[in-house]
Amino acid sequence: MEQGLEVALTDLQSSQNNVRHHTDEISSDRLLVRRGQSFNITLYFRNQGFQPDLDNIIFVVETGPLPDLSNGTRALFSLTGRHGPSPWIASLETNGASSLEVSLCAPPVAPVGRYLLKVHIDSFQRSVTAYQLGEFILLFNPWCPDDSVYLDSEPQRQEYVVNDYGFIYQGNKNWIRPCPWNYGQFEENIIDICLELLDKSLNFQIDPATDCALRGSPVYLSRVVCAMINSNDDNGVLNGNWSENYLDGVNPAEWTGSVAILKQWHAAGCQPVRYGQCWVFAAIMCTVMRCLGIPTRVITNFDSGHDTDGNLIIDEYYDSTGRILENKKKDSVWNFHVWNECWMARKDLPPGYGGWQVLDATPQETSNGLYCCGPASVRAIKEGEVELNYDTAFAFSMVNADCMSWLVYGGKEQKIHRDTNTVGNFISTKSIQSDERDDITENYKYIEGSPQERQVFLKALQKLKAGRSEDPHQADSQYSTPEPRSGDGLRGLHTPSLRPSDVVQVSLKFQLLDPPHMGQDICFVLLALNMSLQFKDLKVNLSAQSLLHDGSPLPPFWQDTAFITLSPEEAKTHSCRIPYSQYSQYLSTDKLIHISALGEEKSSPEKILVDKIITLAYPGIIINVLGAAVVNQPLSIQVLFSNPLSEHVEDCVLTMEGSGLFKKQQRVLIGVLKPQHRASITLKTVPFKSGQRQIQANLRSNKFKDIKGYKNVYVDLML
């Protein structure tokens, strides 16, 4: 029998294919392609050229440990079409004397992952030969109209798939600050770590064949990734920690990027990294999803509800001093909470619920037995369709639960007020191709207090209550017309004896006198206003305590009592000062101080509660780029920072990173900084990628953990 075609060499054309498939940022010498889009390879033959009438070339692609034709993890497809129909396509590009250029295309529903490419050559009356041509990685394709993650806007694709840096919004609704973050989804080895993450999931460990077959579904894959970002069920990427004790790991506030975390997880044999909180979980998820090709953005919700019993009521408890108490039911309003939105079609839902989907990797509640949340359609959340998959009811409560305040005294609980506006404010994400903040609250709910918003709330509540037994508080917690509020967005809380038609006679309001900066005294006034025609004698108990960003209170460190007599229609102020020396040792990493005042009239059972959350600000790090940034040319970077405190700080460490600018995170040991001392250092680096880049920096010490700074840098290919 004559010898058939022999493949001497294969050129996967990685560099050219990767450019066309928007994966050249990941690699130029490994083939990474997107489904639903063709890529070219060239076969070089040893003995003769390809003869279409005599030679039948059959390509074989396989993914996963148990590739199978029936579940789509193995495919055979012929260049001539003689092997029968296949969703994979091979077509002839050019046929040379001893070479053959072929175009291959994966179907837009193919499972993503690492593939092996083989070829069988069956020549007429000659021997059948088989060759292994190489490996390639297949990714989702938001540029392909037939892919379920297709996004029809190029600026959005550039922002939500290609951009490797961004901002995560923190602080509180009255002081929103951008935290710079290096997503780094195209950095060295990140794609391999993302695929390793899929293989470490419980789904893969239990049934690898089915898991690999389902990796073509962004709905399925996003749930797998979501569960793997936290470590509650498995050896996921991050351990969560809200205890303020981080001695055996890294304080979550110190991280500035995903790359160091993912590489540490991989290097430690896939043991969870210590520690993360919500914004770190969301940032890691954003990196993984963008790397795999699913458009993803990071979302911050200020005053985010955590409703543990599913009644759309967040219960908060106060004592007679105005101090917020620990919630035994674990309901809470997080100062801010961060999750992801991923873009995908939802063929598993009724029409109209595709597009942006909420995914929350922070381990809060289980979903089908695992700590993950979503994907929940953003439109379903807005319309109150809380029965739709997945976890839409929990996502709804994060943005649109009502807040019930209770006064605890003498072993009893007295309902003071129900606030329909507290939860879900200034829902934020980075704007497209801009450093500005984009407010997307209207995507999640109708305007607070509007008839539509209340109708949706009632619809959601009705769906949740169907078939559910009553909660002990629920009889008192049914929806009614909102009671009047005092102040300017601060809660004014009143006894249930007040009907909606009653006029609020006294209001309380906090007002800061100066911006709250770390290291300085906090100065504010309590404004009391008598709106009635009678004299009012008030006793007001004031309290201050630190909060964790998930709403958990720490013990009070400052209390005061004010006696205020008000003439008819009179306003008075009570001045307050909390010295730095008094609050400094009680601060949490989040630098949140909750001040509250509980007022009561001597001759009336009426009680008024007002509160305010203060976030203390640091001066930022200033970064200056000295000269033009050019690929493969040395670049000097000046970093200016200061100790904002009037005391020595020790163990100062500056970290810097930036995809395309630094090969790895830079750590500079600063040591001791004197009180109010300003310092400057200059670093050198060699940029290795062109285009828009960002430097992220963090300064930590024994007194503070997260003084941040960033600088955008455009890197040219040549001078």
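Mentor: Let's start at E244, which sits in the loop between β12 (238–240) and α7 (259–267). Here helices (H or I, at least four residues) and strands (E, at least two) are DSSP runs, numbered from the N terminus. Before going on, keep in mind that this is a predicted model: local features need pLDDT of at least 70, side-chain atom pairs count only at pLDDT 80 or more, while totals for chains, interfaces and linings use all residues. Residues are numbered from 1 along each chain as its sequence is written, and side-chain values use heavy atoms, with hydrogens and water left out.

Back to E244. Its phi is near 75 degrees, a positive value in a residue that is not glycine. That's worth a second look because most residues other than glycine have a negative phi, and most peptide bonds are trans. E244 is partly exposed because its relative accessible area is 28%; the scale is buried under 20% relative accessible area, exposed over 50%, and partly exposed in between, with a 1.4 Å probe and protein chains only.

A second residue of this kind is D391, a non-glycine with a positive phi of about 60 degrees. D391 belongs to the loop between α9 and α10, and it counts as partly exposed because its relative accessibility is 22%. Y390 is in the loop between α9 (378–383) and α10 too, and the peptide bond that joins N389 and Y390 is cis, with omega about -5 degrees. Another cis bond joins G374 and P375, with omega about 5 degrees. P375 is placed in the loop between β17 (355–359) and β18 (376–377).

Now follow the chain into α10 itself, residues 392–400. This helix is mostly covered, with eight of its nine residues buried. The buried ones are T392, F394, A395, F396, S397, M398, V399 and N400.

What does α10 pack on? One partner is helix α12 (residues 451–465): the two axes come within 12 Å and cross at roughly 145 degrees. Those axes are lines fitted to C-alpha atoms, for helices over the stretch in contact, and the angles run from 0 to 180 degrees between N-to-C directions. The α10 and α12 crossing is left-handed. That label applies if the near helix is turned anticlockwise from the far one by less than a right angle; clockwise makes it right-handed. On the α10 side, A393, F396 and N400 make the contact, and on the α12 side E453, R454, V456, F457, A460 and L464 do; contact means heavy atoms within 4.5 Å. Sorted by class, that's six nonpolar, one polar and two charged residues. For the bookkeeping, Ala, Val, Leu, Ile, Met, Phe, Trp, Tyr, Cys and Pro count as nonpolar, Asp, Glu, Lys and Arg as charged, and the others, Gly among them, as polar.

L221, S222, V225, C226 and I229 of α6 meet F281, I284, M285, V288, M289 and L292 of α8.

R418 lies in strand β20 (residues 412–419) and counts as buried because its relative accessibility is 6%. Its side chain joins that of D402 in a polar contact of 3.1 Å; such a contact is a pair of N or O atoms within 3.5 Å, where within protein one must be able to donate a hydrogen and the other to accept it, and residues adjacent in sequence count only if both atoms are side-chain atoms. E316 lies in strand β15 (residues 313–318) and counts as buried because its relative accessibility is 9%. The E316 side chain makes a polar contact with the Y318 side chain at 3.4 Å.
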